[in-house]
Amino acid sequence: MIKIQSLQYSYNKELNLSFRDWTVTQGEQWLMLGESGSGKTTLLHLLTGLLKPSHGEVYINQTAICQLSNTKMDHFRGAHIGLIFQRAHLIKSLTVLQNLLLAQSLAGLPVNNKRVEDVLNSLNIADKKANYPSQLSQGQLQRVSIARAVVNKPSLLIADEPTSSLDDRNARAVLDLLITQAEQNNATLLIATHDKRVQERIERAYILQS
Ligand SMILES: Nc1ncnc2c1ncn2[C@@H]1O[C@H](COP(=O)(O)OP(=O)(O)OP(=O)(O)O)[C@@H](O)[C@H]1O
């Protein structure tokens, strides 16, 4: 489902980051761990096609993503990968419902109102669908960003520090949702984090060396 092979990225002549080969099977849950500066963000950007490697290849669902044009990569990402960040990146001028419908059309998928309603219900946030992001709490925003990430039933969910700005109760709730949503959608889950609370819940870890 994910395979990285001989992967390297150079920001400049002095700095060449190499990533150990890694294979992830569909449905597995992994942490990505490493000290500050070890290359976690760089690797996440390589896995999501936001950066092209200087050497090596990334395969997602057997597709060599580094070979895709930018437009094809945008569609591929929208259809196969759900992204969740520390803070929700929603479009402020659109309601919760409109943000989710947009995620479907940006991925080139037909608009499916029922799927959007189902996801909002499963995340217990359906009563906020007509609200704008500015009208939601931090925990609610994080749930909407999970909803947006899973709405297209991606086979891969990637979360970058999803809990670090949350208190214990909200961190546990967000983690529960990520794990349940990944299981319900049979998605692979990959979480990059420093957060010890997450490390207690997920066994497999890809550790970057600095
Ligand atoms: N745009 C850039 N130009 C030059 N060097 C960069 C750039 N972005 C990152 N780097 C360097 O690449 C290395 C890896 O950075 P990266 O952001 O991937 O690490 P990280 O593990 O995500 O760190 P953190 O946990 O602090 O976010 C670091 O040495 C960093 O200084």
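Which residue in strand 3 is the bridge partner of Ile2? In this predicted model, in which local features need pLDDT of at least 70, side-chain atom pairs count only at pLDDT 80 or more, while totals for chains, interfaces and linings use all residues. Residues are numbered from 1 along each chain as its sequence is written. The bridge partner of Ile2 in strand 3 is Val24, helices and strands being DSSP runs numbered from the N terminus (H or I and at least four residues for helices, E and at least two for strands).

Strand 1 (residues 2-10) and strand 3 (residues 22-24) run antiparallel and are joined by 3 bridges, two strands being taken as paired if DSSP finds at least two bridges between them. Ile2 also stands opposite Ile60, a residue of strand 5 (residues 55-60), which pairs with strand 1 in the antiparallel sense over 5 bridges. A further antiparallel pairing, over 4 bridges, links strand 1 with strand 2 (residues 16-19); here Tyr9 stands opposite Leu17, and the two strands are joined by a hairpin through 5 residues.

In the loop between strand 5 and strand 6 (63-64) lies Asn61, which has a positive phi of about 50 degrees although it is not a glycine. Gln62, placed in the loop between strand 5 and strand 6, likewise has a positive phi, of about 70 degrees, without being a glycine. Most residues other than glycine have a negative phi. Asn61 counts as partly exposed because it has 15 C-beta neighbours inside 10 Å, whereas Gln62, with 7 such neighbours inside 10 Å, counts as exposed. In these terms a residue is buried if 20 or more other C-beta atoms lie within 10 Å of its own, exposed if 12 or fewer do, and partly exposed in between, with C-beta atoms placed from the backbone.

A separate open sheet is formed by 5 strands in the order 7-8-9-4-10, with parallel pairing. Its edge strands are strand 7 (81-84) and strand 10 (204-207), each of which pairs on one side only. Neighbouring strands of this sheet are turned by 20 degrees against each other on average, direction ignored, where axes are lines fitted to C-alpha atoms, for helices over the stretch in contact, and angles run from 0 to 180 degrees between N-to-C directions. Strand 8 (residues 156-160) and strand 9 (residues 188-192) run parallel and are joined by 5 bridges, with Ile158 standing opposite Leu190 of strand 9.

The buried residues of helix 4 (residues 113-122) are Val116, Val119 and Leu120. These residues lie on the same side of helix 4 because they cover an arc of only 100 degrees around the axis, the arc being that of the directions from the helix axis to the C-beta atoms. They pack against helix 3 (96-106) and helix 5 (138-150), contact requiring that the C-beta atoms of two residues, placed from the backbone, lie within 7 Å. Just after helix 4, Asn124 takes a positive phi of about 60 degrees.

The ligand is surrounded by residues including Tyr11, Asn12, Leu15, Leu17, Lys40, Thr41 and Thr42, a residue being near a molecule if its C-beta atom, placed from the backbone, lies within 6 Å of it. Gly34, Ser36, Gly37, Ser38 and Gly39 are also among the surrounding residues. Helix 1 (residues 40-47) gives the most to this shell, with 3 residues. By class, the shell has 3 nonpolar, 8 polar and 1 charged residues, where Ala, Val, Leu, Ile, Met, Phe, Trp, Tyr, Cys and Pro count as nonpolar, Asp, Glu, Lys and Arg as charged, and the others, Gly among them, as polar.
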